[in-house]
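User: I am new to this structure. Could you show me how to read it, feature by feature?

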Number of protein chains: 2
Amino acid sequence: MSYYDRWSSSNMSPVLGLSRRILETPFEKRVHEQGAKSFTVYNQMPLATCFQSFEADYWHLLEHVQIWDVACERQVEVRGPDALRLVELSTPRDVSKCRIGQCIYAPLCNQSGGIINDPLILRLAEDRFWISIADSGVLLWLQGLAIGRDFDVEVFDPVVAPCALQGPKADTVLTSVLGRDSRDIGFFRFLETTIAGTRVIVARSGWSGRGGFEIYLQDFKKGLGLWDEIWRHGEAHNIRAGCPNLIERIEAGLLSYGNDMTVDNNIFEIGLDRFVKLGKSAEYLSRAALDRVVNAGVRIKHVKIEVGGDPITPLRSTWPIECGGKPGGIVTSIAWSPRLKTNIANALVPVANTKMGTVFGIAVAGESTLRTAVVVSGWS
Amino acid sequence: MSYYDRWSSSNMSPVLGLSRRILETPFEKRVHEQGAKSFTVYNQMPLATCFQSFEADYWHLLEHVQIWDVACERQVEVRGPDALRLVELSTPRDVSKCRIGQCIYAPLCNQSGGIINDPLILRLAEDRFWISIADSGVLLWLQGLAIGRDFDVEVFDPVVAPCALQGPKADTVLTSVLGRDSRDIGFFRFLETTIAGTRVIVARSGWSGRGGFEIYLQDFKKGLGLWDEIWRHGEAHNIRAGCPNLIERIEAGLLSYGNDMTVDNNIFEIGLDRFVKLGKSAEYLSRAALDRVVNAGVRIKHVKIEVGGDPITPLRSTWPIECGGKPGGIVTSIAWSPRLKTNIANALVPVANTKMGTVFGIAVAGESTLRTAVVVSGWS
């Protein structure tokens, strides 16, 4: 029994009870049949977190191809004459530059500069967007903003549920599924096509560093048929059902909203300022607050760290960091990498502690002595 | 092994994986220690759904007293000169009638008349409210509305986590805890006091039909101390850790947002129109839409039904109803009542099917023949 198995069978991981309130996904039946062992709840939908084990899932994702039920990446559709105006208002990113058929990663920020969500935005038409959200109530926020400002726009949750095809063999499998070269789909570009008799949008995107696609289903009755069709083409390539993998996503530098950043953080602290255009011509809610941050500077910043010693179980809530005998930040995500043979983690630390090689002490939950950690540039 | 145990050990109920994103509650340690077996996620926090078994928890709640971790009933604080104006805008209930020290149940409704949430609203001061929410993103909705309308108001999530003391012995236990007669606290009234060295608000409210209190902790470090102090006074009265109980809440006529109603329903369909004052003098978002519903009437309405045959396991998503050979609505919640020895359920059905004694066929998931059901007035 690996340490991850011990963790997932501990009393910190009880049974998840499901009801109508946690919405059923169009792919959920297959996820259960294909052996999901643990789940989280994300945007009021189930999201698998582990199939065979974190480690087995990780190695398989690095080498083969997986199909993921990511229906919980729910879409907020913004449509109408003021659609661009509303989306621009919600983010410091310059959305006017996003072309039809393109997706952009765009942190949404409130009037205090806090990050509300870090979605992908798909531009379907000049006046029509899907905001593919992380776990927070963007739908109600944008509805409140739109009605408050009296914008001429519809904001709603369309009938859309994405699944993802991720891993180094995703291109090969999608080429087989589509009957055309999947390499025609550029990074963060999408096209509309038909798979298993249902219209879908296929984007080259996804929450892993291993490449692949997100496929947006629009007729929920066709969900299992879509899944099975992709599966059929993947069988020769050792396809498995999978899910976003904690180990792989930390290694790949993918940050998780709610874990590595919250509404209490701004884009500079998290290093997301490289995705935005401060001072863009369109109005945006966070303009004044983010300008103040630019002038004042930030006190904390995100860093990647390696934590010594034995494999550590994932965290339930943040762990405190000590640096030079003083409080030195918090650990926000952690996993043991079986490939790198070390614990890899994300942390938020005072700016003075962000230099490569800075050494920390980490107060791991349940351990009486501090672990030694060091700031690193990343993993590849 | 009861049928509920079989259900909760089936593959429809896998392990819940917890991370920082699912926020830790100040009482969570005790909930695990005291034997919670299954959880849901509610407002991005864990909420226990079962301790010993649904049935054992039910009988205990009917006869004794339980302490519940309901931190997931998160608070949205609205404070400032325009606080009343914003809260009024969000609901057709007449909030101006709510006195300081009083709580009111107030469905929040959007400009289409859809129910956004069905919270309790506590009035802490003329210009200060806590909205104690069901499972949806009210915080972001009200923040969007407030900034969109440029209201002079703060909308934020205060450091508050409620626990509940529920059951017929709750009055006795609280009297012991407070050292004064708990009957001085009227129904849906609250007072501020100190328990276990920490300031709390104690309201006579809670999500059961058995009476009791909700106790609002405001210093999370004192959560376990508060829990233990209540526990100590409850021991002579057979206190147990518990949680909202599916069986009891259906019997008591308590509806669950996300299960028995969604944003696609209006207050008339759910029978919540008795809590509001249409045409109140204050501005409210849903005025025009609800006026249209008054004129046009509704097509569906909530009813209570009894479903024949063996005990049925709780539902994952709605079950279709047949009436007179035609589609006749949906079942939204169901449980076997060991006291009434029948399956009790909530349903949404066409208005023509709402008469007492109307007979339905229910397509229970996994069963090949329809179950017979009948509309009833309620249970006591």
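Analyst: Domain bounds come from an automatic or database domain assignment. Keep in mind that this is a predicted model. For chain A the assignment gives domain 1 (3–73 + 160–250) and domain 2 (299–380).

User: How far apart do the C-alpha centres of domain 1 and domain 2 of chain A lie?

Analyst: They lie 29 Å apart.

User: How many residues of the two domains are in contact?

Analyst: Two residues are in contact if their C-beta atoms, placed from the backbone, lie within 7 Å. Here, eight residues of domain 1 of chain A are in contact with 11 residues of domain 2 of chain A. On the domain 1 side, the elements giving two or more residues are α1 (3–8), α3 (54–63) and α8 (246–251) of chain A. The most comes from α8(A), with three residues. By class, this side of domain 1 has seven nonpolar residues, no polar ones and one charged.

User: Which strand of chain B is joined to β1(A)?

Analyst: Start with the general idea. Strands of a sheet pair through backbone hydrogen bonds, either parallel or antiparallel. In this case, β1(A) is joined by two bridges to strand β2 (residues 38–42) of chain B, and the two run parallel. Look at A:Val15: its bridge partner in β2(B) is B:Ser38.

User: In what order do the six strands of the chain B barrel come?

Analyst: The order is β17-β20-β19-β18-β21-β22 (chain B), with antiparallel pairing. Neighbouring strands of this sheet are turned against each other by 40 degrees on average, direction ignored.

User: How many bridges does β22(B) share with β17(B)? And how many join it to β21(B)?

Analyst: Strand β17 (residues 300–307) and strand β22 (residues 371–376) of chain B pair over four bridges, in the antiparallel sense. Four bridges also join strand β21 (residues 359–362) of chain B to β22(B), again antiparallel. Find B:Ala373 in β22(B): it is the bridge partner of B:Val307. B:Phe360 also stands opposite B:Ala373.

User: Which residues is A:Val153 in contact with, leaving aside its neighbours within four places in sequence?

Analyst: They are A:Val78, A:Arg79, A:Gly80, A:Asp82, A:Ala83, A:Leu86 and A:Ala146. A:Val153 and A:Arg316 are 163 residues apart in sequence, and 40 Å apart in space, C-alpha to C-alpha.

Key:
Residues numbered from 1 in each chain as written. Chains lettered and ligands numbered in written order. Predicted model: local features only at pLDDT ≥ 70, side-chain atom pairs only at ≥ 80, totals over all residues. Nonpolar A, V, L, I, M, F, W, Y, C, P; charged D, E, K, R; others polar. Pairing = 2+ DSSP bridges. Axes fitted to C-alpha atoms, helices over the stretch in contact; angles between N-to-C directions.
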